[in-house]
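Let's walk through this chain together, one question at a time. Keep the picture open while you read.

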Amino acid sequence: MTSVSDLQRLLPAGLMLVMNYRPCLSLNGENTTIMDYSFPSVDYDDFPVLCVKESNRHFRLWFMSTFYSIICFLGLAGNLLVILTFFYFKRLKTMTDVYLLNLSFADLLFALSLPFWAANSMAEWVLGLLVCKAMHTVYKVSFFSSMFLLSSISVDRYFAIAKAVSAHRHRSRAMFLSKVSSAVIWVMALIFSIPEMKYTTINNNTCTPYSSNSDRLRVSLQASQIVLAFALPLLVMSFCYSSIVQTLCQARNFERNKAIKVILAVVAVFLVCQVPYNLVLFWSTVVTAKGGTQDCNYENRLLYATDITQCVAFLRCCLNPFVYAFIGVKFRHDLLKLLKDFGCMSQERFFRYTCGRRRSSAATDTDTTTTFSP
């Protein structure tokens, strides 16, 4: 006959713990029978579910590689032509020329980093931490410097057109100021890129400055990028180009409408390339600040939007040469002459492209750039 104390010595400790948690035994006099032996139910909804992003990875394999290759090729070709034209003809005669040359170097630097971005988005990062930090640092330095230089170009055009009298008065110091301001811009871009130098690491076989989607560092870096590299340049360019358009509307010149179209094209390219990406970046920053999202489909859609709009934003490095340099009459003439001297264009074709247009542009074609060129 087994007593309760003997039963307690014979049963395992784990089963006794269950008995203490939920009574499972019924003692009827001298006979002991197990009436109910059950564990408490487990709610699996409380456990975190891993968000599967396989579709996004497959999308990146073809989308990123295709667009990065196109942007890299066009960016290298366009910006190298601008740089060669400047040095071949020694065209550094105005502030805008200095800013355009620095802008081409910044965009060329970014285009050279695109193959590494493509490798990071398509496969595991195997190039080491040093190259990882260099890739993100080069991107941020070129990005900040490009935005600041675009703002400087708009400011220079504002003084050259809307404030022509005061600009002519300080013309002798213009080149010195442009070189000093360009150096300051590069130093500022380098300073603003220090977080990428410090925090960029290899996380889950991916080169990234963020540890997770809910990283507080991500919020501060993305917020500073939106303010310094989008909102501030947008305000400066909006004020300068709106003032220029008002000045041109009051002028009686047959090139006025063409100049206004050029300015509208400059603004349109900036808005189309930068606004969608910065809107998505702003929203992802808000989501990150709230601690992330538990909706896997929502997170995947946000990744798709980020990838697509980022590629559109990257187009700036290959569009800037066409919008800011090749659109000018004098610069376009020098580019055609450069192609002719290098044997890429025949003498007949060169005269066909240049002589027919020289009369129409004689009123605005100066020794440096077109008067209304942005």
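**Getting to know the chain**

The chain has 14 helices and four strands, where helices (H or I, at least four residues) and strands (E, at least two) are DSSP runs, numbered from the N terminus. This is a predicted model, in which local features need pLDDT of at least 70 and side-chain atom pairs count only at pLDDT 80 or more, while totals for chains, interfaces and linings use all residues. Residues are numbered from 1 along each chain as its sequence is written, and side-chain values use heavy atoms, with hydrogens and water left out.

Q: What percentage of the residues of the chain count as buried?
A: Buried means under 20% relative accessible area, exposed is over 50%, and partly exposed is in between (1.4 Å probe, protein chains only). Going by that cut-off for the 374 residues of the chain, the buried share is 40%.

Q: Among contacts between residues at least 6 apart in sequence, what percentage join residues at least 24 apart?
A: Contact means heavy atoms within 4.5 Å. Take the contacts in the chain between residues at least 6 apart, and the share joining residues at least 24 apart is 76%.

Q: Which two residues form a disulfide?
A: A disulfide is a covalent bond between the sulfur atoms of two cysteines. Here the rule is a pair of cysteine sulfur atoms within 2.5 Å, and the count comes to one disulfide. With their sulfur atoms 1.9 Å apart, the partners are Cys 132 and Cys 207.

Q: How many residues apart in sequence are the parts that this disulfide ties together?
A: The link of Cys 132 and Cys 207 is right-handed, with 95° about the S-S bond. Cys 132 sits in helix H5 (residues 128-162) and Cys 207 in strand S4 (residues 206-208), so the parts tied together are apart in sequence by 75 residues.

Q: At what angle do the axes of H5 and helix H7 cross?
A: Two packed helices are described by the angle between their axes and the distance between the axes. Axes are lines fitted to C-alpha atoms, for helices over the stretch in contact, and angles run from 0 to 180 degrees between N-to-C directions. The axes of H5 and H7 (residues 174-192) come within 8 Å and cross at roughly 140°.

Q: Which residues of H7 does the contact with H5 use?
A: On the H5 side, the contact is made by Val 141, Phe 144, Ser 145, Phe 148, Leu 149 and Ser 152. On the H7 side, the residues are Ile 185, Trp 186, Met 188, Ala 189, Leu 190 and Phe 192.

Q: Which residues does Ala 189 contact, leaving aside its neighbours within four places in sequence?
A: Ala 189 is found in helix H7. At 0% relative accessibility, Ala 189 counts as buried. Beyond those neighbours, its contacts are Val 141, Phe 144 and Ser 145.

Q: How far apart are the C-alpha atoms of Ile 185 and Ser 152?
A: Ile 185 lies in helix H7 and is buried, with a relative accessible area of 6%. Not counting residues up to four places away in sequence, Ile 185 touches Ser 145, Phe 148, Leu 149 and Ser 152. Ile 185 and Ser 152 are 33 residues apart along the chain, and their C-alpha atoms are separated by 9.4 Å.

Q: Which residue's backbone oxygen lies 2.5 Å from a polar atom of the side chain of Ser 154?
A: Ser 154 has its place in helix H5 and counts as buried, at 0% relative accessibility. Leaving aside neighbours within four places in sequence, Ser 154 is in contact with Val 236, Met 237, Cys 240, Tyr 241 and Ile 244. The backbone oxygen at 2.5 Å belongs to Ser 151.

Q: How many of the 10 residues of helix H12 are buried?
A: Among the buried residues of H12 are Arg 316, Asn 320 and Tyr 324. Helix H12 (residues 316-325) is largely enclosed by the rest of the structure, because the number of its 10 residues that are buried is eight.

Terms used. A polar contact is a pair of N or O atoms within 3.5 Å; within protein, one must be able to donate a hydrogen and the other to accept it, and residues adjacent in sequence count only if both atoms are side-chain atoms.
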